[in-house]
Amino acid sequence: MSNSQNSVVQDQANSLRAMDNGLANNINSNQSDSTTRVYAITSGKGGVGKTAVVANTAVSMAMMGKKVLILDADLGLANIDVVFGLAPKYNLNHFFAGDYALADILVKGPHGIKILPAGSGVQNFTRLDSSQKLKLLDGLDSMHNDFDFVLIDTEAGISENVTYFNTAAQEILVVTTPDPTAITDAYALMKLLSTQYHEKSFNLVVNQVQNENEALDVYRKLTMVSNRYLDISIDFLGSIPADRQMTDAIRKQRVIVDLFPTSKIATAFGQLAATICSEQPPATPKGGVQFFWKRLLDIGARG
Ligand SMILES: Nc1ncnc2c1ncn2[C@@H]1O[C@H](COP(=O)(O)OP(=O)(O)OP(=O)(O)O)[C@@H](O)[C@H]1O
Ligand SMILES: [Mg+2]
């Protein structure tokens, strides 16, 4: 994205943020949507385990009785549907084309979780006309109270799509591995989101660690550099061990918390899910889930 594009999007994000309270109150003020929490799961470097974290955390949350929607915003190949062994027939493109209702597009995953496959339709978030926007808002309206959590599986990197989802979500969860290039890219992503998009608060999960110390070391490195150069806070949410059985799970198209529920890695995902469930909603208002959709579409419409 060019600098001028950056600043346009930044201005949009700012003005939208400023309208936050007003809009959030106006939209469906008779419905309580404050309990739905929206997390964008993101990373600087690809292949660090975002999709694995989304899928396993979602299932762990569902096992705790939470209602979870996954928005599959990853246009890559190793998608959520592959991880769950699902073959969604339709995606948002079909919805936009007017052939199907949103409910027809939602796919059922294990333990009652729902998946909204965006497919290449995600790109259309930036190019919807106003009637399409209204249609989508209508559809989302009708289901927004059904979920305790919305987890967005984003692409890696700093594309426009990624920044849209990250700025729209209430919480940003950055996944990295202890690999130095993954740490550097995680830092670069947080730097961009804080300097260009005024995101100041991040959550961190360190995946594929040998032990907890290795994860804490990554957290220390990131906080040390960011304390020095950026005005952000990073919350360490936990770590996930490297586990060879992950390959097994992928091959069987089952999530590891389901396939090996007593494994160390399943316990770690359970702890991560419990930590997220116990987190208080942020004091700074970024609005409820309804505002998330609204913001997503608004930014997209002007982008
Ligand atoms: N804790 C882990 N232990 C072992 N293997 C893992 C672990 N987490 C992820 N993997 C493996 O690493 C690979 C990449 O994981 P995944 O697809 O979840 O990453 P991603 O960040 O979503 O990638 P992309 O950027 O391409 O979307 C997969 O083969 C996955 O099975
Ligand atoms: Mg992925």
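Which residues of helix 12 are buried? I will come to that helix directly. One caution before the details: this is a predicted model.

Helix 12 runs over residues 264–278. The buried residues in helix 12 are Ile-265, Ala-266, Ala-268, Phe-269, Leu-272, Ala-273 and Ile-276. They sit on the same side of helix 12, because the arc they cover around the axis is only 160°. The face turned away from that buried side carries two exposed residues, Lys-264 and Ser-278. As for length, helix 12 has 15 residues and its first and last C-alpha atoms are 21 Å apart, close to the 21 Å expected at 1.5 Å a residue.

What covers the buried residues of helix 12? The cover includes helix 2, strand 7, strand 8 (233–241) and helix 11 (256–259).

That brings me to helix 2. Helix 2 covers residues 50–63. Of its 14 residues, 13 are buried, so I would call helix 2 mostly covered. From first C-alpha to last, helix 2 reaches 20 Å, close to the 20 Å expected at 1.5 Å a residue. Just after helix 2 comes Gly-65, with a positive phi of about 90°.

Next, the core. The largest nonpolar core has 73 residues, and those with the most contacts inside it are Ala-58, Val-68 and Ile-70. Leaving out residues up to four places away in sequence, Ala-58 touches Val-68, Ile-70, Ile-113 and Leu-151.

Now the ligand. How many residues surround ligand 1? There are 20, and the closest are Gly-46, Gly-49, Thr-51, Ala-52 and Met-246. By type, the shell around ligand 1 divides into nine nonpolar, eight polar and three charged residues.

Pro-180 lies in helix 8, which spans residues 180–197. Is Pro-180 buried or exposed? Pro-180 is exposed, because 10 other C-beta atoms lie within 10 Å, and a residue counts as exposed at 12 or fewer. The C-alpha atom of Pro-180 is separated by 9.0 Å from that of Val-218, and these two residues are 38 residues apart along the chain.

Definitions and conventions:
Residues numbered from 1 in each chain as written. Chains lettered and ligands numbered in written order. Predicted model: local features only at pLDDT ≥ 70, side-chain atom pairs only at ≥ 80, totals over all residues. Near = placed C-beta within 6 Å. Helix = DSSP H or I, 4+ residues; strand = E, 2+ residues; numbered from the N terminus. Nonpolar A, V, L, I, M, F, W, Y, C, P; charged D, E, K, R; others polar. Expected span 1.5 Å × (residues − 1). Buried ≥ 20, exposed ≤ 12 C-beta atoms within 10 Å, placed from the backbone. Arc of directions from axis to C-beta. Contact = placed C-beta atoms within 7 Å. Core = buried A, V, L, I, M, F, W, Y, C linked by C-beta atoms within 7 Å.
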